[in-house]
Amino acid sequence: MTLYAALGAVEQGLVYGIMVIGVYLTFRILDFPDLTVDGSLPLGASISAVAITHGINPYLSLIFALAGGFVAGMVTAVLNTKFKILHLLASILTMIALYSINIRIMGGPNIALLGADTVFDAVIAAGVPGRYAGILIFGAFGICVTAFIVWFLKTELGMAILATGDNAKMITSLGVNTHAVIILGVGLSNALVALSGALVAQNQGAADVGMGIGTIIAGLASVIIGATVFGHSSIARAFIAALLGSVVYRLAIALALGLEFGDFSFNPSDLNLITSVLVIIALIAPNIKKKVAAR
Amino acid sequence: MLFFFIVTLSSAYAEKYVISVNQFVEHPALDAVLQGMKDYMKDNSLAVDFKVHNAQANMGTANQIAQQMIGEKADLLVAIATPSAQATAQALKRAPEELKRPLLFTAVTDPVAAGLVENLERPGGYITGVSDLLPVRKHLEMVLQYLPGIDRLGVLYNAGEANSKATVETIRKLSGDMDFTVVEATAAKTADVYQAAKSLVGRVDAVFIPTDNTIVSALESVLKVGIQNRLPIFAADIDSVERGAAAAMGFDYYRHGYQTGAMAEKILTGASPATLAVEFQQELQLHINALYSQKMGVEPPEALLEKAAKVYR
């Protein structure tokens, strides 16, 4: 793996890490398996791209993306809580609807941002070399989002989200409206996913309706890698682990991309297989270490 | 004589070039592009070490590959298909000056809309390439010659593919001139293609499939509908004709790749991408599948059979 590839992996890991934090919120905290993310990631990208091509400041466009993602999450949660549609199905329905909606928003399947203003321009103009700009910005966003979520879950409202995920019946008996809490939680999760999508689009130079495919897979893999490798003994630790889990996942891909043994190199089509093997190694390594230490 | 001299001279000083490739997905057409490019290098005795990466249809991976390629310090970067080209262009834009390399895109339909170049004639930067923009008018003329007097042409595509959408818009614009109406059906993924094809039965006289990744991947299900309902299916690439489409004005992705190879050679031997105009495929070949045409209830006209470069019977 070259330095450039490693930097690229960390950058991708951090920007998708914001999505992973959103996935952690629904999947682990709320116990709400949410597939909306495959649609809300490109939703954030679409909104941000349209805003930027209409001359809106790229940072401001992120706010619109957050709002769009929040609404998408709310739709899933309302379908689930108010209309009693199973959470998985509710989120699938929102996800497939978003495919068409994203094409509507962009007026087509793809908007190029290659020449446009992005969040990087200000940082690069300030003298940061281009190759570090992504890491700097996504690192800052990742830290802010993690800090915000950890703080938020300590507020009364956040406590209600935690309690709803743990034991919805108990919390209802205490007089908390769990429907409102689920709607807020799923909305917040998808807002973060959309923010991640907006940043991804600005990073890769285009918003594309197909860019959400496989988001939930990467999200769940990163959540589990993070929890296994970095632990989840406290809320703060769990969210930092989710963010770092995403970085490990992307490093595994980078490693798989660059794997060569002398004259032997894998076929390009082996990429997914190698990535999956590397993730398996990352997951079982801590266990083996523990067993060895116990002897 | 001078030509020979130059050839011997250049092969005597032949060095091994490195080309890093960012391919978006495994797909017969895109694989053919890569093969065409490799074969051009072989046919012209250019020693090239290809570092091929495939994003397996994942945009996040395409981005990572783009950054990986910057680090590989190749002599030339090649990106196959629009998403990979955009990701590579973005990585290139932010790479430090000493790591910047020429980028050649291929299998990209509209390089201007994709933001890759501003001017097709003089790209002006590190980026140029080969566009697979379909000569839509020629395709439609062939269909009308094949089935004179059709009123309604069905177009089957994925509305999520930028390339297809551009093609369909052109078809719609040309339909007034050429005197037929367009009926569209879309499928967002390969599993939806069969249903979308069925929805056209009874509403159209023939179906045209642009170079759409989703539909072409599930071509057999469209052909099944065509055979069952005696509805002729036309394609826009010749690989599909071999699989059973009635006919296509050969957009040959292998030749597309070969043409990309020729452009790569120019850059490797010193030409600047800034002054190399974006190229398009020049010649088109007509391929006809007579066997499947009959299965779909039509007989290919003699005039076309005579012109065809290849006829499957």
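These questions and answers walk through a predicted model with a chain A and a chain B.

Residues are numbered from 1 along each chain as its sequence is written, and chains are lettered from A in the order in which they are written. Because the model is predicted, local features need pLDDT of at least 70 and side-chain atom pairs count only at pLDDT 80 or more, while totals for chains, interfaces and linings use all residues.

Visitor: How many helices and strands does chain A have?
Guide: Helices (H or I, at least four residues) and strands (E, at least two) are DSSP runs, numbered from the N terminus. For chain A, the count is 12 helices and 4 strands.

Visitor: What is the radius of gyration of chain A?
Guide: This radius is taken over C-alpha atoms, and the globule rule is 2.2 Å times the number of residues to the power 0.38. A compact globule of 295 residues would come near 19 Å. Chain A agrees, with 19 Å.

Visitor: What share of chain A is buried?
Guide: A residue is buried if 20 or more other C-beta atoms, placed from the backbone, lie within 10 Å of its own; it is exposed with 12 or fewer, and partly exposed in between. Chain A has 295 residues, and the buried share is 53%.

Visitor: How are α1(A) and α9(A) oriented to each other?
Guide: Axes are lines fitted to C-alpha atoms, for helices over the stretch in contact, and angles run from 0 to 180 degrees between N-to-C directions. Helix α1 (residues 3-29) and helix α9 (residues 178-204) of chain A have axes 8 Å apart, at an angle of about 165 degrees. Angles under 35 degrees count as roughly parallel, over 145 as roughly antiparallel, 65 to 115 as roughly perpendicular and the rest as oblique. The two helices are therefore roughly antiparallel.

Visitor: Which classes of residue make the contact of α1(A) with α9(A)?
Guide: Two residues are in contact if their C-beta atoms, placed from the backbone, lie within 7 Å. Among those here are A:V15 and A:L25 of α1(A), and A:G185 and A:L199 of α9(A). Ala, Val, Leu, Ile, Met, Phe, Trp, Tyr, Cys and Pro count as nonpolar, Asp, Glu, Lys and Arg as charged, and the others, Gly among them, as polar. The contact divides into 13 nonpolar, 7 polar and no charged.

Visitor: How are α2(A) and α10(A) oriented to each other?
Guide: Helix α2 (residues 37-53) and helix α10 (residues 215-230) of chain A pack with axes 7 Å apart, at about 105 degrees. A:V37, A:D38 and A:L41 meet A:T215, A:I216 and A:G219. By their angle, α2(A) and α10(A) are therefore roughly perpendicular.

Visitor: What is the radius of gyration of chain B?
Guide: Chain B comes to 13 helices and 13 strands. The globule rule gives 20 Å for its 313 residues. Chain B is as compact as a globular protein of that length, so its value is close to this, at 21 Å.

Visitor: Which residues of α9(B) are buried?
Guide: Helix α9 of chain B covers residues 219-228. After α9(B) comes B:R230, with a positive phi near 50 degrees. The buried residues of the helix are B:L219, B:S221, B:V222, B:L223, B:V225 and B:G226.

Visitor: Which element gives the largest share of the side of chain B that touches chain A?
Guide: Across the two chains, 37 residues of chain B are in contact with 40 residues of chain A. On the chain B side, β2 (48-54), α3 (59-72), α4 (82-94) and α6 (162-178) each supply at least two residues. The largest share, 11 residues, comes from α3(B).
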